[in-house]
Amino acid sequence: MLKSEELAKGIQDCVMKIVKQREDKFVNGEADSFGNDFLGLLVNAYHDSDENNRLSMEDLVDECKTFYFAGQETVNSLLAWIVLLLPTHGDWQDKARREVIDIFGNRNPDSKGISKLKTITMIIYETLRLYGPSNGLQRRVTRKVQLGKLVLPANIDILVQNIALHHEPHQWGDDLHLFKPERFEEGIAKATNYNAAAFFTFGLGPRSCIGMSFAITETKVAISMILQRYTITLSPTYVHSPMPILAIRPQHGIQVILESLHNNA
């Protein structure tokens, strides 16, 4: 219990130190506001003159923790599975690298080029389908509702298992367990036959993840920079064992061999 309390205090101190840095910049005249990014909006709410709308320190810290851990876990998990799938499907690794080199050369990825990464996008979507960052979405039924042949009473919790929908043979075919990014060659809508509920790795509707675009962009940048520099080979020590702990994680990690594409590296 003591270690848990120490960890909680350490996280709170770390978050508030970042908040203070943002506050100091405003107070010292280095910035004309707390910022219009996510942290800036939270700090603004923390200093709201209306007590009814003011965000408490606890809520501020909790919001920061949620945004950081959820975002970090999502991208880490997605990157890990892509790094596994590329060496086991060398043709797609080669296609992705050619695309990255054609668009960026040896330059760092930029926003204009990122929007042109069609092959990388297909790889990301198929990886999300096979090993989505979440194996289920918990929702609470607030009022009695009929769902098909089911009648759901109010005040119950349900778990929507998107991982099951992403492995539904009627939707994805008999080869659903295979890594086939070409499923998404014409986009998500065509791949799902315009069924929005068939592929919702970041949630669906008004409660879909606000960090979805950021996570996808981060992943594109990271994968592009890796492919510019290395070929990826799967280590013979790797043992395949996906494990659902909040996100779908590799139980024993993912061991790969990175070989530099540049002799002087």
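Y125, W172, F184 and F199 form one aromatic cluster in this predicted model (rings of Phe, Tyr and Trp, the last by its six-membered ring, pair if their centres lie within 6.5 Å). W172 is placed in helix α8, residues 169–172 (helices are DSSP runs of H or I with at least four residues, strands are runs of E with at least two, and both are numbered from the N terminus). With a relative accessible area of 6%, W172 is buried (buried means under 20% relative accessible area, exposed over 50%, and partly exposed in between, with a 1.4 Å probe and protein chains only). Residues up to four places away in sequence being left out, W172 touches R129, L165, H166, H167, R183, F184, A191, T192, A198 and F199 (contact means heavy atoms within 4.5 Å). The C-alpha atoms of W172 and N193 are 9.9 Å apart in space, at a separation of 21 residues in sequence.

The model is predicted: local features need pLDDT of at least 70 and side-chain atom pairs count only at pLDDT 80 or more, whereas totals for chains, interfaces and linings use all residues. Residues are numbered from 1 along each chain as its sequence is written, and side-chain values use heavy atoms, with hydrogens and water left out.

Over the whole structure, 7 aromatic pairs are found. One of the pairs is formed by F26 and F34, with 4.8 Å from centre to centre and 55° between the planes, and is tilted (planes under 30 degrees apart count as stacked, over 60 as edge-to-face and the rest as tilted). F34 is buried, at 11% relative accessible area, while F26 is partly exposed, at 35%.

The structure holds 12 salt bridges (a side-chain nitrogen of Lys or Arg within 4 Å of a carboxyl oxygen of Asp or Glu). Among them, D13 and K9 meet at 2.8 Å, N to O. Both residues lie in helix α1 (residues 2–27), 4 residues apart, or about one turn of the helix. D13 is partly exposed, with a relative accessible area of 37%. A salt bridge of 2.9 Å, N to O, joins the side chains of D157 and R140. This pair links distant parts of the chain, with D157 in strand β4 (residues 156–160) and R140 in strand β1 (residues 137–141), 17 residues apart. D157 is partly exposed at 47% relative accessibility, and R140 is partly exposed at 48%. E186 and K190 form a salt bridge of 3.2 Å, N to O; E186 is exposed at 59% relative accessibility, and K190 is partly exposed at 40%. Salt bridges with shared partners join E126, R129, D175, K180 and R183 into one network.

K220, in helix α10, is buried yet has no salt bridge, and the nearest side chain of opposite charge, E99, is 8.4 Å away (Lys and Arg count as positive, Asp and Glu as negative; His and the chain ends are not counted). Apart from neighbours within four places in sequence, K220 is in contact with I114, L117, I120, T121 and I124.

C209 is found in the loop between α9 (188–191) and α10 (212–229) and is partly exposed, at 37% relative accessibility. An unreviewed UniProt entry annotates C209 as "binding site"; such annotations may be inferred rather than shown by experiment.

The domain assignment gives domain 1 (1–55) and domain 2 (72–260), with bounds from an automatic or database assignment. The C-alpha centres of domain 1 and domain 2 lie 32 Å apart.
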